[in-house]
Amino acid sequence: HRSTVQGIPGPLQDRRRRLIYTPSQHHLNISMDYYCSAKFTDLQVHVQSRLLYNCCKAYPERVDLDWLEANPGRLFHTDTMLADRKLMLDNKSCASCHYGCYKYEEQGLTSTRDLHINEDKISDPQAPIRHLDISLSTDCNLTCMYCSPEWSSSWQRDVEKNGDYFLNGVPVKQNDNWSHLWSKIKQKSRSTDSRFFDLLIKEIKLADELESISILGGEPLLNNQLDQLLNYVDGKKINIITGLGVSDARLRKVLQKTKGMDVRFQISGESTGELFELIRHGVTWKDFQDRVKMIEQNGHKIKFISTISNLSILGFADFYEKYHGSHEIILNNLTDADWMMPHVLDTQSKIDFIDSTQSKKNLPEFKRLLRMIKDTPDDTHRANMGDYLKQFSSRRSIDLDFLPEHFLKWCGL
């Protein structure tokens, strides 16, 4: 599930990626087990930009369509992926995994690898794909605070209209040339009618041991060709990853199509009320709750994906109380937006969280949250959080008075 800032450098397709990451002198003495089973089972595909992520947190590579056409069945076994897996089996750090996990672990922070730590070890670099994530396009009505133009067309419009966000004088969340180009093309042309989409369908048919397919975006419920994709992947376990930033009428149409199918909804959410509407800007808390009920009434299983940032720490306990009794809630690590990582909080906010969750402190989710907030943020992260929150709220005319006064003061607001 992509709920992280992913700035893809423009020259990515023009250079060969360095496979082995060399730690800095500060980290040379760190002992780490670099293995992660997700590297051997998971693939995320961004159809719009032809990017492949060998797990949801990995640094991407762009697929060569001529190569793929000449090598059917190898979408999950590119030369780069095979080389990375061999490095991992030799207990060496590979650059793609340093990007999303290793670099945080070296700082004593948590990473998404925690979710896979107890899984069986796979020793074959040619192991078959088990889990496939497909992002059809970036079309999305939301501007979630930790997303970016590469994953949301609304984010793209914000940056095109208002310019980049700046932290310490450096722009963040920049559009790359690829995103800008594809924003000018109609949804149908840039997704399911593309050559890559046709090749992807062939790859799915060749993947005999593929267990599950997750359809994400952007917002997949907005995509005009979602019905077509569902027809192609019938018989697999299907997950639709959604922020529910669609009209009720649009959601009803999808629910009519999926009635009786083995389709599960994984819904992004981690807070309530005004805090929810800030973090996942573009959908109201009331509409979100109503649409969850619509999906429940259609007979689908629901799982919530809660991306844990410093702001969501302020409201996660309320979200958990509302939904944990009827639906599974899994935690998703925020990466790259280091000014929004869970530990970037004032001391009083951390104390309030600990005190308010005493009865839950032995639950796995809350044990993990307590580990996430234990580190002390530096002044740069604190200042950047304040600057970012100010820019984000100003562009959307959001009053931040509902946030704790001590947190706003700590951020310099």
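Of the 413 residues in the protein chain, 57% count as buried (buried is under 20% relative accessible area, exposed over 50%, partly exposed in between, with a 1.4 Å probe and protein chains only). This is a predicted model, where local features need pLDDT of at least 70, side-chain atom pairs count only at pLDDT 80 or more, and totals for chains, interfaces and linings use all residues. Residues are numbered from 1 along each chain as its sequence is written, and side-chain values use heavy atoms, with hydrogens and water left out.

**Whole chain.** Show the cartoon. The protein chain has 17 helices and 13 strands (DSSP runs numbered from the N terminus: helices are H or I with at least four residues, strands E with at least two). Among contacts between residues at least 6 apart in sequence, 76% join residues at least 24 apart (contact means heavy atoms within 4.5 Å). Now switch to the surface. The chain exposes about 18,000 Å², and carbon and sulfur atoms supply 47% of that area (Shrake-Rupley method, 1.4 Å probe; for residues, only the protein chains shown count as cover).

**Stop 1: a charged patch.** Select E274, E277, D399 and D401. Together they form a negative surface patch (patch residues have over 30% relative accessible area and no salt bridge, and like charges are joined within 9 Å; a salt bridge is a side-chain nitrogen of Lys or Arg within 4 Å of a carboxyl oxygen of Asp or Glu). Asp and Glu count as negative, and a charge is placed at CG of Asp or CD of Glu.

Centre on D399. D399 sits in the loop between α16 (379–395) and α17 (405–410). D399 is exposed, at 52% relative accessible area.

Move to E277, in helix α10 (residues 273–279). E277 is partly exposed, at 30%. Beyond its neighbours within four places in sequence, E277 contacts V283, T284 and W285.

**Stop 2: inside α16.** Select N384 in helix α16. N384 is buried, at 7% relative accessibility. Leaving aside neighbours within four places in sequence, N384 is in contact with L167, N168 and W339.

**Stop 3: backbone details.** Which peptide bond is cis, with omega near 10°? Select G217 and G218; the bond from G217 to G218 is the one. G218 lies in the loop between β8 (212–216) and α8 (226–232).

Next, N91. N91 has a positive phi of about 55° although it is not a glycine. Its loop runs between α2 (79–89) and α3 (95–105), and N91 is partly exposed at 38%.

Finish at L244, another non-glycine with a positive phi, about 60°. L244 is in the loop between β9 (237–242) and α9 (248–258). L244 is buried, with 0% relative accessible area.

Definitions and conventions: Patches are made of residues with over 30% relative accessible area and no salt bridge: like charges are joined within 9 Å, nonpolar side chains (Val, Leu, Ile, Met, Phe, Trp, Tyr) within 5 Å.
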